[in-house]
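The sequence and structure are shown first, and the description follows.

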Amino acid sequence: MTFEELGLLPELLKAVAEAGYTEPTPIQAQAIPIILEGRDVMGGAQTGTGKTAGFTLPLLQRLARHASTSPSPARHPVRALILTPTRELAMQVHESVQTYGKHIPLRDLVVYGGVDIKPQTEALRRGVEIVVATPGRLLDHVEQKSVSFNHVEVLVLDEADRMLDMGFIPDIRRILALLPKERQSLLFSATFSEEIRKLADTMLRAPLLIEVARRNALTDTVTHRIHPVAQDDKRRLLAHLLKSGDLSQVLVFVGTKFGASRLAHYLEKQGINATAIHGDKSQQQRTEALEAFKSGAARVLVATDVAARGLDIDDLPHVINYELPHVPEDYVHRIGRTGRAGRTGDAISLVCAEERGKLAEIEKLIKRPIEQVSIAGFEPESAHGGERSRHSRDSGRDSGRDAGRSGGRKETSREAPREKRERREPRRIEPAQPKLPKLDFDPSKPYESKAASSDAAPEPKRAPQRLKRPLPALLGGLPKPEK
Ligand code: AMP
């Protein structure tokens with residue numbers, strides 16, 4: 001499959017070639033033709049799959065039909081609205097709009113809070129066709145009457161599950177109420193909980209479901225390893241690993257926002273350049289942290305799962321799990337940051353006795369044991385009958401592992417506001433065409449489905465109304481990501 005075969009305009013093909021892309025990713029191959037047709041889409045895809053270009057390219061093409069070069073603001077009403085949960089993501093999506101739309105005369109603007117509202121207001125008054133926005137600041141503009149949605153043709157809701165986690169769904173509903181009924185809507189989400197399905201129900205009309213696994217779902221080029229260690233020794237061990245190995249560009253995952261800052265601070269005190277990124281940081285702090293990490297000024301970026309999900313970091317050589325994630329699927333997400341495009345990477349997890357249960361769940365999910373390597377001087381007193389952990393290169397598993405002791409620390413997480421509406425029968429949603437990829441293991445574990453759809457023969461087009469199968473069970477009921 002090539003971008004040409006997807007039916008994109010020459011202006012877009014040129015921009016894609018300039019971006020260096022040679023072939024569409026699976027989600028692009030599936031989404032672009034459907035969006036070009038004007039259909040609503042429910043996309044199960046995460047960052048890293050190429051989903052941004054998957055919706056931005058066809059969106060630009062649909063708007064390009066009536067692009068105007070007139071200077072008059074009236075000729076540039078808001079025609080596409082892209083909503084994202086965070087400022088980082090808004091900036092990244094906006095960058096994509098600019099990259100892919102550079103040969104098409106459409107005006108675009110990114111709108112987010114935490115910065116002066118005036119320049120945004122002025123740009124909106126001058127007229128922009130594409131607005132990428134976080135919901136709160138967009139509603140500020142609605143209140144100020146600096147924006148009108150009367151001409152919106154396409155709405156995109158990106159990372160809907162994070163919107164939910166961050167409590168944005170009421171804001172989204174307020175915005176939805178202001179949009180023309182006659183429009184195209186696209187909803188993207190990594191997981192599909194009941195809440196997301198309810199939102200999809202009110203927002204989408206006869207949507208097609210597109211789902212792909214991460215482009216980089218656990219690859220063989222990544223080495224996985226566990227270092228058993230006592231909880232209290234973890235930060236010393238981390239500093240030891242960073243000082244003794246030649247690890248550069250290390251993304252360290254922690255479970256809490258508080259833990260992220262504290263750990264980065266500790267590493268700094270140890271003489272290791274580190275920075276943290278999480279939801280409580282100001283926009284400027286987050287941008288600076290990311291820039292410092294990308295430029296190499298900071299060797300280590302400490303992040304929570306939620307903060308890391310929106311980061312546009314293409315490939316990393318090293319990922320360290322300072323704490324194991326609460327849900328095993330997040331292990332796959334985290335590790336997906338490394339070993340991309342056939343490159344090698346390593347994934348190290350510091351595991352204390354209390355995390356043994358989580359480890360067992362992860363190994364079950366990824367269907368393989370992870371090698372355990374004790375580091376001299378950091379071996380924990382065994383939690384299993386006084387036996388000390390074995391030294392180096394012992395890939396035999398601890399048969400005494402206590403899978404029941406998955407306690408760990410309790411996290412605080414903000415409850416997303418619950419919708420008060422009556423629960424309606426879930427709508428059946430037609431599978432995307434070409435056919436959905438086959439799963440290569442337990443269907444309740446979505447992250448290892450085959451990304452490629454090459455084995456899927458296209459089915460004849462069907463009328464949109466009657467949808468043939470329910471949202472697959474695999475998309476439902478995944479635990480919420482940590483806050
Ligand atoms: P996204 O999932 O949209 O965040 O995209 C992840 C990364 O993949 C971004 O850095 C894009 O620049 C890159 N990308 C998107 N489409 C392609 C493609 N067809 N070929 C290669 N890289 C791509």
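His318 belongs to strand S12, which spans residues 318–321. The model is a predicted one. His318 has a relative accessible area of 11% and is therefore buried, since the cut-off for that class is under 20%. Through its side chain, His318 makes a polar contact with the side chain of Asp346, at 3.1 Å. When neighbours within four places in sequence are left aside, the contacts of His318 include Leu247, Ser248, Gln249, Val250 and Leu251. Thr338 and Asp346 are also in contact with His318.

**The chain as a whole**

The chain contains 15 helices and 15 strands. It has 483 residues, of which 57% count as buried. Its accessible surface comes to about 20700 Å², and carbon and sulfur atoms hold 50% of this area. Among contacts in the chain with a separation of 6 or more, 76% are made by residues 24 or more positions apart.

**Nonpolar cores**

The largest nonpolar core has 39 residues. Phe55, Leu57, Leu59, Ile82, Ile130, Val156 and Leu186 are the residues that touch the most other members of this core. Helix H3 (residues 51–64) supplies the largest share of this core, namely six residues. Another core, of 36 residues, lies apart from it and includes Leu139, Leu157, Met163 and Ala200.

Which residues does Leu57 contact once its neighbours within four places in sequence are left aside? Leu57 is then in contact with Phe3, Leu8, Leu12, Val16, Ile32 and Tyr100.

**The ligand and its surroundings**

The ligand is surrounded by 16 residues, and the closest are Tyr21, Gln28, Gly48, Gly50 and Thr52. By class, this shell comprises three nonpolar, eight polar and five charged residues. The table lists distances between ligand atoms and polar side-chain atoms.

| Residue | Side-chain atom | Ligand atom | Distance |
|---|---|---|---|
| Tyr21 | N or O atom | oxygen | 2.5 Å |
| Gln28 | polar atom | nitrogen | 2.7 Å |
| Thr52 | polar atom | oxygen | 2.5 Å |

Taken alone, the ligand exposes 500 Å², and the protein buries 81% of that area.

How values were computed
Residues numbered from 1 in each chain as written. Predicted model: local features only at pLDDT ≥ 70, side-chain atom pairs only at ≥ 80, totals over all residues. Heavy atoms only, no water. Core = buried A, V, L, I, M, F, W, Y, C linked by side-chain atoms within 4.5 Å. Buried < 20%, exposed > 50% of the residue type's maximum accessible area, 1.4 Å probe, protein only. Helix = DSSP H or I, 4+ residues; strand = E, 2+ residues; numbered from the N terminus. Contact = heavy atoms within 4.5 Å. Near = heavy atom within 4 Å. Polar contact = N/O pair within 3.5 Å; in protein donor to acceptor, adjacent residues only side chain to side chain. Areas by Shrake-Rupley, 256 points an atom, 1.4 Å probe, with all protein chains shown as cover. Nonpolar A, V, L, I, M, F, W, Y, C, P; charged D, E, K, R; others polar.
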